[in-house]
Amino acid sequence: MADLDITQLILSEHDAFRRSFTEIEALTDAAELGRRWDELADQLEVHAAGEEEVFYPHLLQEVDDSEGDTEHAVKDHNEIRDAVRSVADHEVGTDPWWAALRGAREATVDHLGEEEQDVLPPFKEQAPEDLRTDLGMRWLAFRDAHDGARGLSGDDKDPEAYVEEHANGS
Ligand SMILES: [Fe+2]
Ligand SMILES: [Fe+2]
């Protein structure tokens, strides 16, 4: 059941996000741009909220000294949320819109790389396989439940309070 390993599912979404940004940057039609961007913006929120709900609480439990990485990840998620929100301040396809979109792309791509380098490998190594599979199923259920970012506020989370809340298994 390796394909249900949560680390694998997260990685696949990271690849899909990189592809989507590249595809969007190749588009010229404003209606299509707006549609594809809205879709990606929603998916980025489902991904970040899903990690905060399903993944990072278990990283804190399974991997020693992961508090710093977790706090950093929630900070990054907030930066991505802010960057995504700022895209909506501009008319689709205009120069400032593109500048905001590229800012969101940069914040996202930096964060994906950090998770892939610092966060996912130790979890894959230290968390038992049945837990990784169980979390993978919960990850997919979260995605289904929140398709199109349904039911998600998109609000920033306080990184320190998040770590405090989840560090002791509560
Ligand atoms: Fe993340
Ligand atoms: Fe991620």
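1. Helix 3 and helix 6 lie oblique to each other, because their axes cross at roughly 135° and an angle between 115 and 145 degrees is neither roughly perpendicular nor roughly antiparallel. This is a predicted model, and the remarks below should be read as such.

2. On the pairing itself: helix 3 covers residues 67–87 and helix 6 covers residues 159–166, and their axes come within 8 Å. The crossing of helix 3 past helix 6 is right-handed.

3. Which residues make the contact? From helix 3 they are Glu67, Thr70, Glu71, Val74 and Lys75, and helix 6 supplies Pro159, Glu160, Tyr162 and Val163. Sorted by class, this contact of helix 3 with helix 6 has four charged, four nonpolar and one polar residue.

4. The largest nonpolar core is made of 18 residues. Ile6, Phe55, Leu59 and Trp139 have the most contacts inside this core. Two or more residues come from each of helix 1 (6–25), helix 2 (30–62), helix 3, helix 4 (95–126), helix 5 (129–145) and helix 6. Helix 2 is the biggest giver, with five residues.

5. Trp139 deserves a separate entry. With neighbours within four places in sequence left aside, tryptophan 139 is in contact with Ile6, Leu9, Gly50 and Val54. Of these partners, Ile6 is also listed among the residues with the most contacts inside the largest core.

Methods
Residues numbered from 1 in each chain as written. Chains lettered and ligands numbered in written order. Predicted model: local features only at pLDDT ≥ 70, side-chain atom pairs only at ≥ 80, totals over all residues. Axes fitted to C-alpha atoms, helices over the stretch in contact; angles between N-to-C directions. Helix = DSSP H or I, 4+ residues; strand = E, 2+ residues; numbered from the N terminus. Parallel < 35°, antiparallel > 145°, perpendicular 65-115°, else oblique. Left-handed = near helix turned anticlockwise from the far one by under 90°. Contact = placed C-beta atoms within 7 Å. Nonpolar A, V, L, I, M, F, W, Y, C, P; charged D, E, K, R; others polar. Core = buried A, V, L, I, M, F, W, Y, C linked by C-beta atoms within 7 Å. Buried ≥ 20, exposed ≤ 12 C-beta atoms within 10 Å, placed from the backbone.
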